[in-house]
There are 2 protein chains.
Amino acid sequence: MAQQKKMVEEITSMEEDFAKWYTDIVKKAELIEYTSVKGCMVIRPYGYAIWENIQRILDGMFKDTGHENVSMPMFIPESLLQKEKDHVQGFAPEVAWVTHGGSEKLEERLCVRPTSETLFCEHYANIVHSYRDLPKLYNQWVSVVRWEKTTRPFLRSREFLWQEGHTIHATAEEAVEETERMLNVYADFCEKCLAIPVVKGKKTESDKFAGAVSTYAIEALMHDGKALQAGTSHYFGDGFAKAFGIQYQSRENKLEYPHQTSWGMTTRLIGAIIMTHGDNNGLVLPPAVAPIQAVIIPVAQHKAGVLEKAGELEARLKASKIRVKLDGSDNSPGWKYSEYEMKGVPVRIEIGPRDIENNQCVLVTRHNREKTVVSLDELERAVGEKLKEVHDALYNSALENRERRTYACTSLDEITKTLEEKGDGFVKAMWCGDEECEDKVKEITGVGSRCIPFEQEQLSDTCICCGKKAKYMVYWGKAY
Amino acid sequence: MAQQKKMVEEITSMEEDFAKWYTDIVKKAELIEYTSVKGCMVIRPYGYAIWENIQRILDGMFKDTGHENVSMPMFIPESLLQKEKDHVQGFAPEVAWVTHGGSEKLEERLCVRPTSETLFCEHYANIVHSYRDLPKLYNQWVSVVRWEKTTRPFLRSREFLWQEGHTIHATAEEAVEETERMLNVYADFCEKCLAIPVVKGKKTESDKFAGAVSTYAIEALMHDGKALQAGTSHYFGDGFAKAFGIQYQSRENKLEYPHQTSWGMTTRLIGAIIMTHGDNNGLVLPPAVAPIQAVIIPVAQHKAGVLEKAGELEARLKASKIRVKLDGSDNSPGWKYSEYEMKGVPVRIEIGPRDIENNQCVLVTRHNREKTVVSLDELERAVGEKLKEVHDALYNSALENRERRTYACTSLDEITKTLEEKGDGFVKAMWCGDEECEDKVKEITGVGSRCIPFEQEQLSDTCICCGKKAKYMVYWGKAY
């Protein structure tokens, strides 16, 4: 009974304390558990199953676009990290250093990879010699370490899981194309699988990846009006190639420097799912990545035939490739309802003696608790359609939230007032391209540049800060 | 042309230099590339694709036996590693220590996990309270680090990829059962997917895992007569539970210590594949884990219709779930034959203008270069059957090698002479169970105990070393 009580206990409401609401869900939906190493967490089976679904789908998308998986070492010698000047400046302050192997002091310190550009470059230098060796389209699924001061589960942790794509191409054009292709893959994945609408754009100079010529990103807006960077894609030009001495013989027999990219998505996507779709009853999962897409709850399961029938439905749904679970445990139906609501299972299927008599069951969708009575003859089709409906509803509701919270402003004052009145959100405003103005906007209004969206609008002709000619419309916001 | 030359260059023959033959294959089949960090390697796409197949199949077997994947931190605080006395003694001398995060010295050193028992124990202590919480059947796919002095690709590296299963049970019986179950899963996997016959048995006291009550292992015999431990499964009793204060309330409302297991398999399986099936033309892959199961080589591909027909065959085989590749590059057929032999592709499909005229193609099996002409009408069935045949042939040939090289001996002298005459292999000999005798056998004959096989034979009544009453028949051998 102690255990039952724990589960039905309510979580903090998001209106009361958004940060607490978030960590309550993370713990009570059994996604993670803390450990004695600050910023490093246990991802529990239910949380990890979400990540496995993300991995499976993304990995398929990477392979469909011609990428191959590899595995690089987790250690980078200090001298290797230092080869590209901007890169080391960006990462050295936040890496974990290995100084001893067993009882012996190492001749050279090794850092635990914060990202693997330098390792890939060392490898390319060994294997890329001719235009025939290009392109190389690589990816790896690993964890990386960045020694963050403040940490939050999924959103900012010292160790996190991710995939990092690394590619090398004969020409700048091909590399730029790849950078954009993978940003589009990311955006598609977020919208079609996670039901999270994103803004695609370019990061400003001050905000790009250490060592990149340009960084592209997809930005999503959370329930609380804060922005979350969901994925990034970097174009490196030939800067790394020059720093690492990677050259290839061209078709014309000349020595040339190749051009590189990298791109990554991380377990923070799970944080994005929570803060985009979750509610005060717990997690709400988009069907494409839900470990359990439909849970069957027998009602009056002690009565003859109920559990058998429920088992039959489970077998039928499994056969039609729906991730289904029958909960035949001795907890009460009400307790089970709460548990699977907390865990965000998209569809609940209730079946009791009267339903069986009427050859029907009840489908209840998690996000709106809407009930639909369906004939058992139509079960597979009905559940399949429900899952599609849920995806669309989640996406539309997230899009609506973002649109309601996106404010076009033409003065710093208007930004401040709008945010005060309407709460946090995306601010669209014009910018001259000057870093000084970018800093000043943040200082005065509290919102930083999120990205220069590909879809530009001409809100006015002048920079919101200095009044000079505007170059771009920028999305500004507070960020996770 | 330079590139072509590189590929058809011959490798060292295994009779000339087995170690060199091994590393030649590892490099020339493009499985790995060395890095500037000793003992850490790049697993290249072709090598990683083998690992992905191993992962996919094993992961399915784990899930079928009720296990769930999780993700634990890669760091273990020194104080946590020290909680179980035997465990820390076994691992502390060979761990990599992180001492700094960014520019700051850490208050407590963290080691990079050499294995994760201590992390799982910390987690169990947080989540296991009642008999209702048991068992927990967990697994994770990660890399671990052990600071080895001498390293060899796949066989012994400082960082290696593996899976580590960790389970916790209410009773000792359940835990022992689990230990055995997973050893059987490993043995099945080796025999049915890798075509590697294994001996199942128990490790002697001196050879068991640090902190275990008992360690079970599967042992395989390589081409050169050396043994390779392919997987281990450990029963911990309640030792870890006591060291970490893990207790649960039983059904009878008493506080009890639970019982634990762990079990692991690593990328060294790829080394086992090379040394069990490889030959002087390169790698030979068992079909179940081969990244490419069949390669189509068009002959006279410039002639009208050849590439089109080859493409048709590729599409048909893909549709019937065979991992197939069509090589339509401008290299010569002979060059392609060598390349895919080096890469160990089980079946080669040759198709040229005359074949097309006769509605046929030629299947060539990698391991014996046997040619079979098959009608194109029968393509899918023929290739599918060929792959099964190849698996069986590889398994039988490995089994034959092992049997030929397994020697029953009844005196130390006989061991020495047999090994001198017939070369390395498994020695079966009786043992009293005394560690002193175990050491002495190794000292005098050069072979150490590999395992006490489950299938015991009574070769004689007395210990081969001291002449006292024998307790077990032991497999002895030189080991990787």
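Trainee: Let me start with two residues I keep clicking on: are Phe62(B) and Tyr186(B) buried or exposed?

Mentor: Both Phe62(B) and Tyr186(B) are buried. Keep in mind that this is a predicted model. To read burial, look at relative accessibility: under 20% is buried. In chain A, Phe62(A) is at 1% relative accessibility, so that residue counts as buried. Tyr186(A), at 0%, counts as buried too.

Trainee: And how do I read aromatic pairs? How many does the structure hold?

Mentor: Over all chains there are 35 aromatic pairs. Phe62(A) sits in helix α3 (residues 45-64) of chain A and Tyr186(A) in helix α7 (residues 172-192) of chain A, so the pair ties together parts 124 residues apart in sequence.

Trainee: What does the Phe62(B) and Tyr186(B) pair look like?

Mentor: That pair is edge-to-face as well, with 6.5 Å centre to centre and 65 degrees between the planes. In chain B, the pair links helix α3 (residues 45-64) with helix α7 (residues 172-192).

Trainee: Which residues join Phe62(A) in a cluster?

Mentor: Ring pairs link Phe62(A) with Trp51(A), Trp141(A), Tyr186(A) and Trp263(A).

Trainee: Let's move to sheets. How do strands pair?

Mentor: Strands of a sheet pair through backbone hydrogen bonds, in a parallel or an antiparallel way. Here, one open sheet has 6 strands in the order β4(A)-β6(A)-β5(A)-β5(B)-β6(B)-β4(B), with antiparallel pairing. The edges are β4 (75-77) of chain A and β4 (75-77) of chain B, each pairing on one side only. On average, neighbouring strands in this sheet are turned by 45 degrees against each other, direction ignored.

Trainee: How many bridges pair β5 and β6 of chain B?

Mentor: Strand β5 (residues 96-101) and strand β6 (residues 104-112) of chain B pair antiparallel over 4 bridges. To find one on screen, pick Trp97(B): the bridge partner in β6(B) is Cys111(B).

Trainee: How are the two chains related?

Mentor: A rotation of 180 degrees with 0.0 Å of shift along the axis puts chain B on chain A, with an RMSD of 0.0 Å. That is the relation of a two-fold axis. The same surface serves both copies, as 100% of the contact residues of chain B recur in chain A. Within chain B, Val98(B) comes closest to the rotation axis, at 2.1 Å (C-alpha).

Trainee: Last one: how many residues of strand β10 of chain B are buried?

Mentor: In β10 (residues 214-221) of chain B, 8 of 8 residues are buried. Check each face: Ser214(B), Tyr216(B), Ile218(B) and Ala220(B) are on one side, with Thr215(B), Ala217(B), Glu219(B) and Leu221(B) on the other. Then check the neighbours. Strand β9 (residues 199-202) of chain B pairs with β10(B) antiparallel over 4 bridges, and Lys202(B) has Tyr216(B) as bridge partner. Strand β11 (residues 227-237) of chain B pairs with β10(B) antiparallel over 8 bridges, and there Ala217(B) stands opposite Thr232(B). The hairpin of β10(B) and β11(B) has 5 residues between the strands, and Gly225(B) takes a positive phi near 85 degrees.

Methods. Residues are numbered from 1 along each chain as its sequence is written. Chains are lettered from A and ligands numbered from 1 in the order in which they are written. This is a predicted model: local features need pLDDT of at least 70, side-chain atom pairs count only at pLDDT 80 or more; totals for chains, interfaces and linings use all residues. Side-chain values use heavy atoms; hydrogens and water are left out. Copies are superposed by least squares on the C-alpha atoms of residues with pLDDT of at least 70 in both. Contact means heavy atoms within 4.5 Å. Two strands pair if DSSP finds at least two bridges between them. Helices (H or I, at least four residues) and strands (E, at least two) are DSSP runs, numbered from the N terminus. Axes are lines fitted to C-alpha atoms, for helices over the stretch in contact, and angles run from 0 to 180 degrees between N-to-C directions. Rings of Phe, Tyr and Trp (its six-membered ring) pair if their centres lie within 6.5 Å; planes under 30 degrees apart count as stacked, over 60 as edge-to-face and the rest as tilted. Buried means under 20% relative accessible area, exposed over 50%, partly exposed in between (1.4 Å probe, protein chains only).
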